[in-house]
Amino acid sequence: MTQALVPLRKTRTRPDAVGWLTLYLILLLFLPTRLVLGPLGSAGAPSLLFGLGSLLLWLLMFIGAARRVSSGPQPIRIALGVLLFCVGVSYVMAMTRPLSPDETSPADVALLALASWAGTLLLTHDGIDDRSRLETLIWRFAVCGGLIAALGLFQIATRQLWVDQLSIPGLSGEPVYTLGSRGGYPRPPGTATHPIEYGVILAMLLPIALYVGFAQTHRGPVVRWLPAAAIGAIIPLTSSRSAYLGAAIALVICMVGWTRARRLRVTGLVAAGLLAMLVLTPNFVNSIAGLFTGAGDDPSITSRTDGFAVAGNFIAQNPWFGRGLGTFLPKYRIFDNQYLLLLVTIGIVGTLAFLALGVTAAVTMFRLRTRLRDEASRDLAMALAAAICAGFACLFMFDAFAFPMTMGTLFLILGMAGALRRIEAARAGLAALLR
């Protein structure tokens with residue numbers, strides 16, 4: 001395996017962001033979103049506050065730090081800056097027009113949430129200077145994904161939610177969800193608010209867990225493959241179109257970058273799993289097929305399509321910068337389509353800026369892969385691109401900004417992509433990597 005994956009023995013001269021981001025991962029993925037600091041309300045989610053701390057830490061550590069050697073323009077960071085500027089313009093415009101009292105506070109919370117996610121991206125992007133430390137964060141990310149996948153399997157086996165019984169001193173919040181079902185089969189949410197959110201997070205984690213299994217060979221085979229095995233086992237059981245779509249996109253992109261032998265092995269394993277499900281649980285397989293063959297009669301699908309006309313009326317009122325992020329309340333309409341909601345709230349300009357962030361990150365990883373020589377680095381770039389594409393594609397399926405666990409995960413992956421590009425550019429010292 002490549003030298004990049006061998007743990008370094010030298011002593012690091014200064015701390016990096018990996019420990020801080022590990023704590024963020026724990027708060028984000030293991031602490032149910034319903035638990036908040038009571039006096040702060042919806043702005044009191046520990047992961048949100050920790051993300052704001054990440055933004056402050058990034059500002060203190062990296063703005064104007066003369067000791068940092070410039071590695072050229074960073075496209076992901078630039079794209080984030082454009083998005084934040086567009087959202088800021090939208091917010092200012094919203095505050096200058098009459099707002100109903102119940103729209104002002106959600107607008108402020110939405111801005112804080114975006115700042116929190118941006119802080120996570122920036123600290124990940126600029127706070128990791130060593131490839132082995134990035135590998136450590138990726139390993140911890142995969143392990144956390146494997147653990148929440150195992151929780152979902154346990155929820156199915158016991159038909160209990162379990163996390164609704166969790167109580168932490170200093171945090172409050174009533175259980176807002178139960179263990180739902182579809183087609184007579186339970187839909188596990190893990191620690192997420194909804195099974196859709198849970199499935200999308202797992203879909204984004206799948207390519208990263210597969211990368212760990214294939215590339216981090218300094219770990220034992222059982223240990224490094226457990227996260228991928230748990231995630232691969234739970235995704236088919238989520239009964240979620242979003243999870244299936246995201247996982248399919250992620251696998252297809254990964255397979256493009258894999259060797260022919262690896263593609264054949266993974267394809268055979270997926271086929272064997274589907275065959276086993278067909279033999280052992282044919283009714284469940286039929287239930288999954290019905291999610292797609294009967295989509296035209298599914299109320300959740302018709303609700304999404306019926307929202308286009310409603311959204312069009314609101315978009316026409318403020319087409320360019322929208323009515324303000326967070327100001328379109330669920331009582332007006334639930335679109336179950338984040339891009340449609342973005343068109344309403346931050347307009348055409350803001351939505352294009354958000355899409356540009358995802359496109360920039362994915363294209364950056366694809367381009368980086370073509371310039372790298374060692375197989376592990378190429379695989380990591382492809383895995384991150386797959387996770388980004390899966391995450392942004394799934395936003396068509398639900399209003400993801402209302403689910404902070406999803407967006408926190410997505411922005412963390414964007415930050416990892418930026419960190420990989422910056423580290424590899426510094427290692428290679430090639431001007432081509434900076435164009």
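**Exercise 1. Classify Arg-77 by its relative accessibility: is Arg-77 buried, partly exposed or exposed?**

Step 1. Recall the cut-offs: buried means under 20% relative accessible area, exposed means over 50%, and partly exposed lies in between (1.4 Å probe, protein chains only).
Step 2. Arg-77 has 31% relative accessibility, so Arg-77 counts as partly exposed.

The model is predicted: local features need pLDDT of at least 70, side-chain atom pairs count only at pLDDT 80 or more, and totals for chains, interfaces and linings use all residues. Residues are numbered from 1 along each chain as its sequence is written, and side-chain values use heavy atoms, with hydrogens and water left out.

**Exercise 2. Which residues are linked with Arg-77 in a network of salt bridges?**

Step 1. The network links Arg-77, Asp-126, Asp-129 and Arg-422.
Step 2. Within it, Arg-422 pairs with Asp-129, their closest N and O atoms being 2.9 Å apart.
Step 3. Arg-422 is in helix H15 (residues 404–428) and Asp-129 is in the loop between H4 and helix H5 (131–158), so this pair ties together parts 293 residues apart in sequence.
Step 4. Arg-422 is buried at 8%. Asp-129 is partly exposed at 38%.

**Exercise 3. How many residues apart are Arg-427 and Glu-424, and where do they lie?**

Step 1. Both lie in helix H15, 3 residues apart, about one turn of the helix.
Step 2. An α-helix has 3.6 residues a turn, so residues three or four places apart point the same way.
Step 3. Arg-427 and Glu-424 form a salt bridge, with the closest N and O atoms 3.0 Å apart.
Step 4. Arg-427 is partly exposed at 46%. Glu-424 is buried at 4%.

**Exercise 4. Locate Arg-323 and name its polar partner.**

Step 1. Arg-323 sits in the loop between helix H11 (299–317) and helix H12 (338–345).
Step 2. Arg-323 is buried, at 10% relative accessibility.
Step 3. Its side chain makes a polar contact with the side chain of Glu-103, at 2.6 Å. A polar contact is a pair of N or O atoms within 3.5 Å; within protein, one must be able to donate a hydrogen and the other to accept it, and residues adjacent in sequence count only if both atoms are side-chain atoms.

Terms used. Helix = DSSP H or I, 4+ residues; strand = E, 2+ residues; numbered from the N terminus. Salt bridge = Lys/Arg side-chain N within 4 Å of Asp/Glu carboxyl O.
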